[in-house]
Amino acid sequence: MSLFVVEYTYSADTVAGRDEHRPAHREWLGELAEQKTVVSSGPFADGSGAFILVDAADAAAVEQLFTNDPFARNGLVTATRIVEWVPVLGAFSS
């Protein structure tokens with residue numbers, strides 16, 4: 001498996017929708033964390049988006065998986081960037 005960063009960008013226009021769907025979004029992410037698919041996740045402190053670290057076979061699998069996110073299903077993510085990440089030092093390096 002490989003590690004991928006999913007970077008969400010949020011818009012100020014979607015704050016109310018994100019507030020409404022946040023419990024389902026976090027439940028969905030929590031299930032993936034229990035399965036060890038999501039390694040870590042959290043919003044940026046400035047509210048502009050989120051960073052999700054995912055263990056998956058390839059970027060296509062990550063892209064497909066994230067179509068199931070309640071935030072994505074409800075059009076609350078302005079932009080999504082998925083990129084493979086290769087850690088060389090620290091807790092995630094092999």
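1. Contact means heavy atoms within 4.5 Å. Among contacts in the protein chain between residues at least 6 apart in sequence, 72% link residues at least 24 apart.

2. A word on the basis. This is a predicted model, where local features need pLDDT of at least 70, side-chain atom pairs count only at pLDDT 80 or more, and totals for chains, interfaces and linings use all residues. Residues are numbered from 1 along each chain as its sequence is written, and side-chain values use heavy atoms, leaving out hydrogens and water.

3. The protein chain holds three helices and four strands. Their pattern along the sequence is β-α-β-β-α-α-β. The radius of gyration is 13 Å, close to the 12 Å that the globule rule gives for 94 residues, so the protein chain is as compact as a globular protein of that length. Helices (H or I, at least four residues) and strands (E, at least two) are DSSP runs, numbered from the N terminus. The radius is taken over C-alpha atoms, and the rule is 2.2 Å times the number of residues to the power 0.38.

4. Buried residues (under 20% relative accessible area, 1.4 Å probe, protein chains only) make up 32% of the 94 residues.

5. The largest nonpolar core has 17 residues. Such a core is a set of buried Ala, Val, Leu, Ile, Met, Phe, Trp, Tyr and Cys residues joined through side-chain atoms within 4.5 Å. Those with the most contacts inside it include Val6, Ile52 and Val62. Strand S3 gives the largest share, four residues.

6. Val62 deserves a look. Leaving aside neighbours within four places in sequence, Val62 is in contact with Phe4, Val6, Val54, Ala56 and Ile82.

Terms used
Buried means under 20% relative accessible area, exposed over 50%, partly exposed in between (1.4 Å probe, protein chains only).
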